[in-house]
Amino acid sequence: MTDTHGAARSGLSIDHTAVDDIQVLTLRGEIDHAVTKELTEALLSHGSMTRPRTVVDLSGVTFMDSSGINALITAHQSMNDAQGWLRMAGVQDSVLRVLELVGLDQVIPSHSTVEQALAP
């Protein structure tokens, strides 16, 4: 199942898929304050999953500011509280640098590919 979220009109597209009960969000574009609400809603929309598990594919994200970092932290905390997890995949160098500067790469696991992030 693929669902494209409405954030596309504001500079970010969000595609939802599921692989073995794991939500995969594929993001493309820029993450800033203008898309924070849509991104947070997408990250937290794990429906009826009792153990929400989400992989965020950031390979198509070219820019992220503190708004994106805050959305990822909120989602990470929510999923941990529900005995689930959040993982990042395919982070481009420009975005990875921001994540490393604030230490988020030490809190949320980051993988080279979505396939690696989906592995147990």
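The secondary structure of the chain comprises 4 helices and 6 strands. The model is predicted. From the N terminus on, the order of elements is β-β-β-α-β-α-β-α-β-α. The chain has 120 residues, and 44% of them are buried. Its accessible surface is about 6200 Å². Carbon and sulfur atoms account for 50% of that area. Among contacts in the chain with a separation of 6 or more, 64% join residues 24 or more positions apart.

Nonpolar side chains tend to be buried together in soluble globular proteins. In this model, the largest nonpolar core contains 25 residues. L27, I31, L43, L58, L72 and L99 have the most contacts inside this core. At least two core residues come from each of the strands β2 (12-19), β3 (22-31), β4 (53-64) and β5 (85-89). Helix α2 gives the most, with 5 residues. Another core, of 8 residues, lies apart from the largest one. A89, V114, A117 and L118 are among the residues of this other core.

Contacts of L99 were examined beyond four places in sequence. L99 touches M64, I69, L72, M88, V91, L104 and D105. Of these partners, L72 is also listed among the residues with the most contacts inside the largest core.

V91 lies in the loop between β5 and α3. The residue counts as buried because its relative accessibility is 13%, below the 20% cut-off. Leaving aside residues up to four places away in sequence, V91 touches L58, L96, L99 and S110. V91 and T62 are 29 residues apart in sequence. Their C-alpha atoms are 9.1 Å apart in space.

A search of the whole structure finds 1 salt bridge. It joins the side chains of D15 and R28, with an N to O distance of 2.5 Å. D15 lies in strand β2 and R28 in strand β3, so the pair ties together parts that are 13 residues apart in sequence. The two residues fall into separate burial classes: D15 is buried, with a relative accessible area of 14%, whereas R28 is partly exposed, at 40%.

Definitions and conventions: Residues numbered from 1 in each chain as written. Predicted model: local features only at pLDDT ≥ 70, side-chain atom pairs only at ≥ 80, totals over all residues. Heavy atoms only, no water. Core = buried A, V, L, I, M, F, W, Y, C linked by side-chain atoms within 4.5 Å. Buried < 20%, exposed > 50% of the residue type's maximum accessible area, 1.4 Å probe, protein only. Contact = heavy atoms within 4.5 Å. Areas by Shrake-Rupley, 256 points an atom, 1.4 Å probe, with all protein chains shown as cover. Salt bridge = Lys/Arg side-chain N within 4 Å of Asp/Glu carboxyl O.
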